[in-house]
Amino acid sequence: MTGEFTPERWAFEITHVLNAVFGADRFPIDIPLVAKEYTAQRYPDDPIISVAGDNLPNFVGALFKAPAGKKGWGIIYNNHMSSKGRVNLTLAHEFGHFLLHRLAYPNGFQCGEQDVVRWDSVYGQVEHQANVFAANFLMPLDDFRRQVPSNAKVNLDIISHCADRYRVSLIAAV
């Protein structure tokens with residue numbers, strides 16, 4: 001892994017900024033806006049400049065470097081995904097690759113469904129790190145704990161509330 005922080009630390013860093021600017025009731029996260037604004041401030045010479053959907057038959061999302069002579073990066077997602085939660089997880093995952101891995105992988109990433117099951121490879125671990133960032137970024141622990149009281153019996157209603165709040169799938173909220 002490259003970069004300054006672990007996946008969890010990056011998520012905490014951005015959560016801290018968002019809490020300071022927008023307060024605790026700031027969900028769901030506008031990932032394209034946050035990715036572009038945060039990286040423009042932190043990496044003005046190499047920010048994320050584009051987030052867009054397209055027909056991507058072979059993968060669900062990608063992080064790519066701008067063409068030669070231009071600065072910045074782009075995130076693209078498969079706009080044929082029907083679940084808004086899946087789109088959000090994909091966007092956050094690619095944002096995680098930008099923060100964690102872009103220096104080690106200067107040609108970017110193309111992430112497909114099969115990539116998340118290759119745990120025994122170095123690439124599988126890189127994919128896992130991007131997923132850990134995405135989960136912690138979309139569903140920060142401090143807010144998640146406020147949504148699920150310690151004395152509550154966790155049930156489908158509570159998990160559904162969290163999935164709606166963070167605009168993620170039920171599986172991701174679990």
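The model discussed here is predicted.

User: Happy to start with the helices! How are α1 and α3 oriented to each other?
Analyst: Helix α1 (residues 7-22) and helix α3 (residues 84-101) pack with their axes 10 Å apart. The angle between them is about 110°. Since the range for this class is 65 to 115 degrees, α1 and α3 are therefore roughly perpendicular.

User: Which class do the residues in the contact of α1 with α3 belong to?
Analyst: From α1 come Pro 7, Trp 10 and Ile 14, which meet Phe 95, Leu 99 and Leu 100 of α3. The contact has no polar and no charged residues, and its six residues are nonpolar.

User: Nice, now Arg 165: is this residue buried or exposed?
Analyst: Arg 165 sits in helix α6 (residues 156-166). Buried means under 20% relative accessible area. Arg 165 has 16% relative accessibility, so this residue counts as buried.

User: Which side chain makes a polar contact with the side chain of Arg 165?
Analyst: Leaving aside residues up to four places away in sequence, Arg 165 touches Ala 24, Asp 25, Phe 27, Pro 28, Asp 143 and Gln 147. The polar contact, at 2.8 Å, is with the side chain of Asp 143.

User: And the strands: which residue of β4 stands opposite Leu 63?
Analyst: Strand β2 (residues 61-65) runs antiparallel to β3 (residues 73-78), joined by five bridges, and there Gly 61 has Tyr 77 as its bridge partner. Three bridges also join β2 to the antiparallel strand β4 (residues 109-111). In β4, the residue opposite Leu 63 is Phe 109.

Key:
Residues numbered from 1 in each chain as written. Predicted model: local features only at pLDDT ≥ 70, side-chain atom pairs only at ≥ 80, totals over all residues. Heavy atoms only, no water. Helix = DSSP H or I, 4+ residues; strand = E, 2+ residues; numbered from the N terminus. Buried < 20%, exposed > 50% of the residue type's maximum accessible area, 1.4 Å probe, protein only. Polar contact = N/O pair within 3.5 Å; in protein donor to acceptor, adjacent residues only side chain to side chain. Contact = heavy atoms within 4.5 Å. Pairing = 2+ DSSP bridges. Axes fitted to C-alpha atoms, helices over the stretch in contact; angles between N-to-C directions. Parallel < 35°, antiparallel > 145°, perpendicular 65-115°, else oblique. Nonpolar A, V, L, I, M, F, W, Y, C, P; charged D, E, K, R; others polar.
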